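Hi there,

Here is the structure I promised to pass on. My notes on it follow below.

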Amino acid sequence: MGFDARLLSGVGVMVAVVDTGNFVRAAESLGLTPSGVSRAIARLEARVGVKLFHRTPRAVELTDEGRRFHAEVAPLLTAVEEAAAEAAGASAVAKGRLKVSADPWFARIVLAPRLPELTDRYPQLSVELLVSNHREDMMTGGVDLAVRFGPPGPSRLIARKLLETRIVTCAAPAYLERKGIPLRPADVASHQALLFRDPQSGRPFTWEFHRRGKVTEVEVSGQLVTDDPSTALAACEAGQGLFQSFELGLAPWLTSGRLRRVLDEWSEERFPLHAYYPSRRLVPLKVRAFLEFVERICRDTRSA
């Protein structure tokens with residue numbers, strides 16, 4: 001397939017539709033009419049030979065082929081824009097809309113409190129933050145970058161490891177005063193456990209305790225099951241029960257005494273955090289800026 005200017009123009013229109021969410025807003029951002037946007041998309045679909053969008057009166061969504069095509073071409077279009085800015089003598093800065101899909105714990109406990117540092121440094125950058133536990137759809141809808149805990153599965157995405165965090169067991173002092181402090185993993189079975197539902201299996205995570213290469217699994221029960229770890233954290237602080245949590249981000253609760261670790265010598269399990277993005281080639285400046293920012297706050301949080 002040869003290159004022509006209409007192909008590049010069509011890609012630009014497609015990216016605008018994905019970024020804005022529909023043809024009308026894309027037309028406004030590009031200075032076109034909605035029918036002009038529709039014709040440009042039709043020409044692009046004819047050029048590449050696949051249907052790129054599902055269009056209904058209420059929504060515009062990428063097809064599976066459209067998602068793959070968008071993941072490949074959006075970084076290239078951004079690179080062209082950055083190269084043009086540099087050629088014109090302007091210093092390239094991170095700008096535009098960055099769409100991030102983030103794990104709830106990372107988004108609420110680690111990222112959100114530090115976001116002003118990113119937006120202050122890059123005033124032309126806006127962040128759309130989607131919060132979700134799920135992996136299978138984490139790059140849909142024009143997402144530039146996703147952040148998830150756990151080992152990466154088979155994927156065409158680039159997985160960049162940010163850190164590993166310990167799994168710790170904690171409780172509020174008031175709860176421990178009422179129920180006592182567990183001294184060995186088996187003691188946990190008689191306590192109220194705050195259960196976190198695995199978004200992949202739909203079942204609560206099992207409770208494991210790791211020490212010197214030994215793994216002890218304990219059957220636990222509790223009156224609260226949630227798929228939102230920050231909800232479990234709030235319930236733990238209120239004295240509802242024991243909670244197994246990522247250590248990452250817990251420093252404010254632990255240093256203030258609002259929560260206390262228990263069975264700390266059995267907390268050697270490590271869980272990785274990865275950033276995912278479509279391509280190692282020509283990573284957009286806004287994605288590189290966000291990755292550098294996230295790596296910095298992870299280092300700061302880990303050393304706190």
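Lys-99 sits in strand E3 (residues 96-102); strands (E, at least two residues) and helices (H or I, at least four) are DSSP runs, numbered from the N terminus. A quick word on the source: this is a predicted model, with local features needing pLDDT of at least 70 and side-chain atom pairs counting only at pLDDT 80 or more, while totals for chains, interfaces and linings use all residues. Residues are numbered from 1 along each chain as its sequence is written, and side-chain values use heavy atoms, leaving out hydrogens and water.

Back to Lys-99: this residue is buried but has no salt bridge, and the nearest side chain of opposite charge, Glu-128, is 4.0 Å away. Buried means under 20% relative accessible area (1.4 Å probe, protein chains only); a salt bridge puts a side-chain nitrogen of Lys or Arg within 4 Å of a carboxyl oxygen of Asp or Glu. Leaving aside neighbours within four places in sequence, Lys-99 has contacts (heavy atoms within 4.5 Å) that include Glu-128, Leu-130 and Asp-144.

Now the helices. The axes (lines fitted to C-alpha atoms over the stretch in contact, with angles from 0 to 180 degrees between N-to-C directions) of H2 (residues 23-30) and H3 (residues 34-48) come within 8 Å and cross at roughly 100°. H2 and H3 are therefore roughly perpendicular, a label for angles of 65 to 115 degrees. Phe-23, Val-24, Ala-26 and Ala-27 of H2 meet Pro-34, Val-37, Ser-38 and Ile-41 of H3.

For H5 (residues 104-111) and H8 (residues 229-237), the axes come within 8 Å and the crossing is roughly 55°.

Enjoy exploring!

How values were computed: Angles under 35 degrees count as roughly parallel, over 145 as roughly antiparallel, 65 to 115 as roughly perpendicular and the rest as oblique. Buried means under 20% relative accessible area, exposed over 50%, partly exposed in between (1.4 Å probe, protein chains only). Lys and Arg count as positive and Asp and Glu as negative; His and the chain ends are not counted.
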